Amino acid sequence: MRFARFIVLCFLCPVFSTAQTVSITGRVTSKETHSPVQRASVFLSNSSFGTSTANDGTYGLNRLRPGQYTLVVTSVGFSDFTQKVQVGDAPITINVELEPKVIQLREVVISTTAKADWKRNFEQFKREFIGTDANAKQCQYLILMYCTLPIVKRSYC
């Protein structure tokens, strides 16, 4: 009789444990164009639950336990979205509209090099990448005339 109770208990435990989990689903779109945002990161802050949106902007966070969470949605080119969520017994649907964010990049300067600069850069290349030990001194450089090592001057804002 004990064995039969044990078998019944083993079959009912997974049913009880899955009954306590809930899911959060929804869709992530752009606020300006209302088009879906693909591959946006959707996660619950300070937990191990997270996913990314599909090509149609949908997401799903499954097997959540009841409690209070902070839903965070991030994507490159958009402002981050956060919302506190109280998870109970019923599934939750949260549709998110992300606002586009303008990203200003720093300038890039491209310049040519003189032969004196090229020799100095080549010597630095040999020291740092090839080395200075006995094996490095045996290296032969066959394509020097085709190789250019440009100097890029950086300017910071």
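# Reading a predicted fold, feature by feature

Me: Phe 125 and Phe 129 are four residues apart in helix α2 (residues 115-130), so about one helical turn separates them. How many aromatic pairs does the structure hold?

Reply: Good place to start; do keep in mind that this is a predicted model. The structure holds one aromatic pair. Phe 125 and Phe 129 form it, with 5.2 Å centre to centre and 35° between the planes, which makes the pair tilted.

Me: Let me step back to the overall layout. How many helices and strands does the protein have?

Reply: There are three helices and eight strands. Following the sequence, you read the pattern α-β-β-β-β-β-β-β-β-α-α.

Me: In what order do the four strands of the open sheet lie?

Reply: The order is β3-β2-β5-β6, with antiparallel pairing. β3 and β6 are the edge strands, as each of them pairs on one side only. From one strand to the next, the twist averages 20°.

Me: How many bridges hold each of these neighbours together, for example β5 and β6?

Reply: β5 and β6 pair over seven bridges, in the antiparallel sense. Within that pairing, Tyr 69 has Val 85 in β6 as its bridge partner. Four bridges pair β2 with β5, again antiparallel, and there Val 42 stands opposite Val 73 in β5. On the β3 side, three bridges join β2 to the antiparallel strand β3 (residues 50-52), where Phe 43 faces Gly 50.

Me: How should I read the two faces of a strand, and which residues of β2 are covered?

Reply: Here is the general idea: in a regular strand, side chains alternate between the two faces of the sheet. Strand β2 (residues 41-44) shows Val 42 and Leu 44 on a covered face, with Ser 41 and Phe 43 on an uncovered one.

Me: Now the charges. How many salt bridges are counted?

Reply: In general, side chains of opposite charge can pair when their charged atoms come close. The count here comes to two salt bridges. One of them joins the side chains of Lys 31 and Glu 99, at 3.5 Å from N to O. That pair links distant parts of the chain, 68 residues apart: Lys 31 lies in the loop between β1 (22-30) and β2, and Glu 99 in the loop between β8 (96-98) and α2.

Me: How accessible are Lys 31 and Glu 99?

Reply: Lys 31 is partly exposed at 42% relative accessibility. Glu 99 is partly exposed as well, with a relative accessible area of 43%.

Me: Which residues make the nonpolar surface patch?

Reply: The approach is to join nonpolar side chains within 5 Å among residues with over 30% relative accessible area and no salt bridge. Val 76, Ile 103 and Leu 105 make a nonpolar patch of about 370 Å². Val 76 is found in the loop between β5 (67-74) and β6 (81-87). Its relative accessibility is 75%, so Val 76 counts as exposed.

Me: One last thing: how far apart in space are Asn 62 and Thr 21?

Reply: They are 7.7 Å apart, C-alpha to C-alpha, although 41 residues separate them in sequence. Asn 62 has its place in strand β4 (residues 58-64) and is partly exposed, with a relative accessible area of 45%.

Methods:
Residues are numbered from 1 along each chain as its sequence is written. This is a predicted model: local features need pLDDT of at least 70, side-chain atom pairs count only at pLDDT 80 or more; totals for chains, interfaces and linings use all residues. Side-chain values use heavy atoms; hydrogens and water are left out. Patches are made of residues with over 30% relative accessible area and no salt bridge: like charges are joined within 9 Å, nonpolar side chains (Val, Leu, Ile, Met, Phe, Trp, Tyr) within 5 Å. Accessible areas come from the Shrake-Rupley method with a 1.4 Å probe; for residues, only the protein chains shown count as cover. A salt bridge is a side-chain nitrogen of Lys or Arg within 4 Å of a carboxyl oxygen of Asp or Glu. Buried means under 20% relative accessible area, exposed over 50%, partly exposed in between (1.4 Å probe, protein chains only). Rings of Phe, Tyr and Trp (its six-membered ring) pair if their centres lie within 6.5 Å; planes under 30 degrees apart count as stacked, over 60 as edge-to-face and the rest as tilted. Two strands pair if DSSP finds at least two bridges between them. Axes are lines fitted to C-alpha atoms, for helices over the stretch in contact, and angles run from 0 to 180 degrees between N-to-C directions.
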